[in-house]
Amino acid sequence: MTGPDAGSPSALHVNDAAYTGANLVAEARRRGWRWDLMPKAAEAQDWSGVTGRARKALLGGSWLARLAVAARRHDVVHVHSASTLHHTRPAAPRFVLHCHGTDVRTTQYDPRRTDEIRAGLRDAEAVFYSTPDLAEHVLPHRADATLLPVPVAVDELPRWQPAPGRPQVVFASRWEAVKGLEAQLDVAERLVAALGDRVEVVGLDWGPDAQEAARRGVRLVPRLDHAAYLRLLAGASAVVGQSAGILSASELEAMGTGAPLVVPVALPLYAASAPPVVGGSVDGAVEAVTELLSGGQGHDPDKVRGWVRDTHGTARGVETVAAVYRSVVAAR
């Protein structure tokens with residue numbers, strides 16, 4: 001079966017990661033294509049005890065039954081995160097796999113999960129991966145995998161408008177080693193020391209080292225729902241991105257609002273697309289934030305938004321995905 005305009009095979013997206021599935025499905029539906037999103041059975045929680053285990057089994061069994069029915073009604077099942085496959089494969093043995101980060105960067109190398117993750121890469125009808133750093137973890141096992149830059153619905157984001165009062169410098173990522181923690185903490189501490197009470201340095205109360213960020217002077221805010229988080233980014237005078245050498249959804253959403261993004265490391269994996277970010281090192285990040293706040297660093301929000309739309313826009317994303325779907329269906 002195909003979408004109403006035959007532009008794409010019908011697709012069921014299972015799970016969501018960084019709103020990739022939701023953004024792709026929304027764009028496809030605007031085109032009249034029959035793409036649907038099925039969230040996972042439940043958010044992570046404590047399933048201990050007899051009652052917890054029974055509830056988990058009940059929810060899981062019901063979800064698998066619904067997945068099996070939905071999978072038969074779509075041409076393609078698109079599973080987000082290789083870590084999800086042990087839940088989905090019993091009901092959807094034929095699937096397209098979308099790797100998002102931790103699943104192949106970390107979980108793949110856990111001896112308890114290696115065989116499962118690599119079998120998923122091998123058996124998938126097609127494989128996508130979200131950021132260029134994942135190539136080394138995916139391509140050795142699936143040479144035909146496609147890089148699908150994290151899709152961002154730029155026109156759905158709030159427009160950048162620094163909040164009134166003290167300027168805010170917002171750290172976009174959670175406080176964890178995988179995000180380049182040491183550089184993040186170094187930048188935060190130096191900004192607090194350099195700018196004092198003139199600026200509020202803000203970060204999320206999220207990640208195992210959030211309290212260390214607070215100790216260094218960062219004001220932590222509770223984890224927010226997505227809309228509130230986007231408003232936080234859009235109201236920042238500057239946003240500091242992660243220090244792991246990639247642009248994840250948080251950094252791209254900040255740029256999509258038009259906010260200036262400061263990155264404390266170089267981004268060699270993005271050299272070909274030349275993202276309009278500033279920083280490039282810890283020293284450069286501190287200097288860039290200081291200049292942005294003083295007006296000495298020029299900033300063009302429309303240029304930033306345009307880059308995100310051109311390289312990460314949902315229109316480009318669904319066209320790439322639909323082309324792969326058509327190849328998958330034709331090859332059966």
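**Close-up views of a predicted model**

**View A. The crossing of helix 10 and helix 12 is left-handed.** A left-handed crossing is one in which the near helix is turned anticlockwise from the far one by less than a right angle. This is a predicted model, in which local features need pLDDT of at least 70 and side-chain atom pairs count only at pLDDT 80 or more, while totals for chains, interfaces and linings use all residues. Residues are numbered from 1 along each chain as its sequence is written, and side-chain values use heavy atoms, with hydrogens and water left out. Helix 10 (residues 249-257) packs against helix 12 (residues 301-312) at an angle of about 130°, their axes being 6 Å apart. Axes are lines fitted to C-alpha atoms, for helices over the stretch in contact, and angles run from 0 to 180 degrees between N-to-C directions. The two helices are therefore oblique to each other, a class left over once angles under 35 degrees (roughly parallel), over 145 (roughly antiparallel) and 65 to 115 (roughly perpendicular) are set aside. Helices (H or I, at least four residues) and strands (E, at least two) are DSSP runs, numbered from the N terminus.

**View B. Leu252, Met255, Gly256 and Thr257 of helix 10 meet Val304, Arg305, Trp307, Val308 and His312 of helix 12.** By class, this contact of helix 10 with helix 12 has 5 nonpolar, 3 polar and 1 charged residues. Contact means heavy atoms within 4.5 Å.

**View C. Strand 3 (residues 76-80) is largely enclosed by the rest of the structure, because 5 of its 5 residues are buried.** Buried means under 20% relative accessible area (1.4 Å probe, protein chains only). Val76, His78 and His80 cover one side, and Val77 and Val79 the other. Strand 1 (residues 11-14) pairs with strand 3 in the parallel sense over 4 bridges; here valine 14 has valine 79 as its bridge partner. Strand 4 (residues 96-99) also pairs with strand 3 in the parallel sense, over 3 bridges, and histidine 98 in strand 4 stands opposite histidine 80. Two strands pair if DSSP finds at least two bridges between them.

**View D. An open sheet of 6 strands, with parallel pairing, has the order 9-8-7-10-11-12.** Strand 9 (219-221) and strand 12 (278-279) are the edge strands, each pairing on one side only. Strand 8 (residues 200-204) runs parallel to strand 9, joined by 3 bridges, and leucine 204 has valine 221 in strand 9 as its bridge partner.

**View E. Serine 237 lies in the loop between helix 9 (226-234) and strand 10 (238-240).** Serine 237 is buried, with a relative accessible area of 14%. Not counting residues up to four places away in sequence, serine 237 touches Trp160, Pro162, Pro167, Gln168, Pro260 and Leu293.

Key
Buried < 20%, exposed > 50% of the residue type's maximum accessible area, 1.4 Å probe, protein only. Nonpolar A, V, L, I, M, F, W, Y, C, P; charged D, E, K, R; others polar.
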